[in-house]
Amino acid sequence: MFTKLLIANRGEIACRIIKTAQAMGVRTVALYSDADIDARHVAMADESFYLGGSAPADSYLKADLIIDIAKKSGAQAIHPGYGFLSENAEFALKCEQSGIAFVGPSAAAIDSMGSKSAAKEIMGAANVPLVPGYHGDVQEDDVLVSEANKMGFPLLIKAAYGGGGKGMRIVENSAEVLEAIQSARREAISSFGNDKLLMERYLRQPRHVEVQVFADSQGHCIYLSDRDCSIQRRHQKVVEEAPAPGLSDALRISMGEAAVAAAKAINYEGAGTVEFLLDTDGSFYFMEMNTRLQVEHPVTEMVTGQDLVKWQLMVASGSELPLTQDEVRIHGHAFEVRIYAEDPQNDFLPASGKLNFLREPEQSKFVRIDSGVRENDVISNFYDPMISKLITWDESRPRALQRLVHALASYQISGLKHNIEFLANIAEHDAFSEANFSTDFIERYGDSLIGHGLSDSQSNERNTALALAALYQLCARKADAKRCAVNSHDPYSPWGAVNGFRLNSASVHQVALLDDDQQINHLELTETQLGGQSVYQLKINDSQLTLSGELIGETLHAEIALFPTTDSSHCAQTIKRTGHKIKVPVSQVGDDFTLFINSSSYHYRALQSEVVEEQDNLEDKLKAPMNGTIVTHLVEKGDKVVAGQGIMVMEAMKMEYTIESPFDGVVSAFFFNAGELVSDGMLLAEIEPAVVESSLTEEPV
């Protein structure tokens, strides 16, 4: 076994590998870029070395420098994690040539599966079932268009050397083919440095089922359970579970044996995943093989009771597999969701910023969190915006799912946008709980999952959150006033009181809160004292509410009656009879604060005075939705455009986004050219609204 291991990665997976290596008595070496100087994985490792600038090309993709650091540090092996250099055959070969063990398959095996088209040929020869398609080397536009038309629609265009949904396009008809080919090529060359494409028939409602395989250098190869990864967005996995629900024993064995055949066909060693598309009739087809440890490997660990990183290190050091196929046991069910910094309400655009507040669910044998961040860390726009992976396990699928729902409700983040509420909506969806899903699940149920169009219950919860936010403001003011009074020369001065006092009338408090929709909510709370307790009356829309509570630490202990009488003399009786006691965690940074209610986060800004918010006029300009790079202009200055027409394409985090015209008009200016960097909120183009011409003509005299 190695005595020192270098981890050529960052974030969550680097922390995951360090944890197992150190438990095995192996010293660890971390790497870091400018953006990761104070990162968690650096703090966890035994030692660390600086790579360079924040961009991956200036740091985590510098293969020669990484190998030099391994030699300098005395590391006998390099674990690449996933992403970056993990499936780079040239890097694996350089490790081999330098006498450093690469914790993964051979360069030849990586190269065999690195090209999706070559992989299809190898799998076909090994009798692994394939989806019909075109995987040829001839890549001219006219050839690809012709092959697409022969194949029929819908079809899927993929980057031959890609992954993670990048360089992938679904094409519904022949009119879309050429544009999809060109767009996929651009994204492929940007993300993978190779623009080769392949095409195959697109199955309408397949499931994505994959099999974890493991092989050693002695020729042993086994499979360890299967996973369902059908819940995807833009071909990127959102929820994974093991084992895949609803598979017969015979089908499960057939897929496992096919996965082993795929691994043996390329003399595979180490951890790998063979991915299949499972059609509605029970047929399954090879999709691709990932020659690395998968992001979702924890669900396999939870149901097998095995540490796959430990297996990787053992196999890379020459040991045999710890188990034979007959010894593999599957127990219980596990789910994994990926907690991302992204905005589901804004087309899931990645978010960056500081984690001002982070409270994770309590970990146990039922709940596991794999994370690479801590409170006050910054999610950079240079890397994948994953915050953590939340994994739950229990004896059965329903019980494991309930664990997931509860854990999501306990996960609290503020400071940037995140997808926790979106994940909770998936976990609580009837179709998901019944395992009635396919890869189009999010597309099919998108509005209800994202929260577009509020239901009555959601509207009531939003009103409740606003009321609790107002109550929190009053409790915070009183707490501040109390602290100031204690430290003042006259702690009993009436000028230090925060009670909304008015002569000969009820005490009234004014609160102004700016919400995430940029709406200013002016709230008026009438205070009465009953039994030494402050009770507040508040009207929101058509609802009358009665509130009381206190702030204890970071938690608002509140009591709220949703349908009380407006007669303040009955406030106490109303709360006693219909009130709802609730504990609401709150995080505050400056004037911004967040309330956590169930799996939802409600963000507000307290306005100290009348504030007039200037609204961007979308009728004459467009802004960058996030930091990125301009890829191309789709029209020219002076062109007429219609609402929804693509104006330009920008790239961020290796994904392309089309900036569309919000109305009919004429492009009057572009402010950035292809290749230029832009920041979130920058004006990209200007469009003059179309002039509506009168249909009336003057009659000749």
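**Reading strands and helices**

Mentor: Start with strand S28 (residues 555–561) and strand S29 (residues 580–589), which pair in the antiparallel sense over six bridges. Strands pair if DSSP finds at least two bridges between them. Helices (H or I, at least four residues) and strands (E, at least two) are DSSP runs, numbered from the N terminus.

Trainee: What should I know about the model itself?

Mentor: The model is predicted: local features need pLDDT of at least 70, side-chain atom pairs count only at pLDDT 80 or more, and totals for chains, interfaces and linings use all residues. Residues are numbered from 1 along each chain as its sequence is written, and side-chain values use heavy atoms, with hydrogens and water left out.

Trainee: Which residue in S29 is the bridge partner of His-557?

Mentor: Lys-583. S29 also pairs with strand S30 (residues 592–597), in the antiparallel sense, over four bridges. There, Val-589 stands opposite Asp-592. Two residues lie between the strands of this hairpin, and Gly-590 takes a positive phi near 65°.

Trainee: In what order do the four strands of the open sheet run?

Mentor: The order is S36-S35-S33-S38, with antiparallel pairing. S36 (655–660) and S38 (677–678) are the edge strands; each has a single partner strand, so one side of each is left without a neighbour in the sheet. S33 (residues 628–633) pairs with S38 over two bridges. Gly-628 stands opposite Val-678 in S38.

Trainee: Which helix lies across S33, S35 and S36?

Mentor: Helix H8 (residues 177–192), which runs at about 135° to S36. Axes are lines fitted to C-alpha atoms, for helices over the stretch in contact, and angles run from 0 to 180 degrees between N-to-C directions.

Trainee: How do I describe two packed helices?

Mentor: Use the angle between their axes and the distance between the axes. The axes of H3 (residues 63–73) and H4 (residues 89–97) come within 10 Å and cross at roughly 30°. The two helices are therefore roughly parallel (under 35 degrees).

Trainee: Which residues meet there?

Mentor: Ala-63, Asp-64, Ile-66 and Ile-67 in H3 meet Phe-91, Lys-94 and Cys-95 in H4; contact means heavy atoms within 4.5 Å. By class, that contact has five nonpolar, no polar and two charged residues. Here Ala, Val, Leu, Ile, Met, Phe, Trp, Tyr, Cys and Pro count as nonpolar, Asp, Glu, Lys and Arg as charged, and the others, Gly among them, as polar.

Trainee: How many helices and strands does the chain have?

Mentor: It has 17 helices and 39 strands.

Terms used
Angles under 35 degrees count as roughly parallel, over 145 as roughly antiparallel, 65 to 115 as roughly perpendicular and the rest as oblique.
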